[in-house]
Amino acid sequence: ATLCKHSPASKQLLLDLSGLLVLSRVLGSEALPVKSAVCEVIVALVVDPEMARELLAEELVADIVNLMEMDDPHLQCEAAEVLLLALGHPQLRTQLATQDLFR
């Protein structure tokens, strides 16, 4: 995630190697620390509008919304941070608003 924040080549490599799919699968772990770590990675990625679009396309944003229902305040805050950062991209606001994120 740190590399992706500073390197367009790293972002592209993450996409090319199906890194978002891997994050989605890891997010399915039962362990809260693992979910929290994935959330931190996604926070670093969602700052970039292109990566935010990819996260939305891969349905990772919907997975993050589900984390807000967990009984862990720290994880809920991290999930909320992802959503707020995604909503910070004007071109994604409408897309986020029209998706059924709450499964």
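Begin by selecting P90, whose place is in helix α8; helices here are DSSP runs of H or I with at least four residues, numbered from the N terminus. P90 is exposed, with a relative accessible area of 52%, where exposed means over 50%, buried under 20% and partly exposed in between, using a 1.4 Å probe and protein chains only. Keep in mind that this is a predicted model, in which local features need pLDDT of at least 70 and side-chain atom pairs count only at pLDDT 80 or more, while totals for chains, interfaces and linings use all residues. Residues are numbered from 1 along each chain as its sequence is written, and side-chain values use heavy atoms, with hydrogens and water left out.

Next, select I42, whose C-alpha atom is separated by 19 Å from that of P90, 48 residues apart along the chain. I42 belongs to the largest nonpolar core, which has 27 residues, and together with L20, L55 and I64 it touches the most other members; such a core is a set of buried Ala, Val, Leu, Ile, Met, Phe, Trp, Tyr and Cys residues joined through side-chain atoms within 4.5 Å. The elements that give two or more residues to this core are α3 (19–27), α4 (32–46), α5 (49–57), α6 (60–67), α7 (73–87) and α8 (90–98), and α4 gives the most, with six residues.

Now colour α3 and pick out its buried residues, G19, L20, L23 and L27. They cover an arc of only 100° around the axis, taken from the directions from the helix axis to the C-beta atoms, and are therefore on the same side of α3. These buried residues pack against α2 (8–16), α4, α5 and α6.

Move on to α6, where seven of the eight residues are buried, so that this helix is largely enclosed by the rest of the structure. The buried residues are L60, V61, A62, D63, I64, V65 and L67, and they pack against α3, α4, α5, α7 and α8.

Finally, show α4 and α6 together: their axes, lines fitted to C-alpha atoms over the stretch in contact, with angles running from 0 to 180 degrees between N-to-C directions, come within 12 Å and cross at roughly 130°. The contact is made by K35, C39 and I42 of α4 and L60, I64 and L67 of α6.

How values were computed:
Contact = heavy atoms within 4.5 Å.
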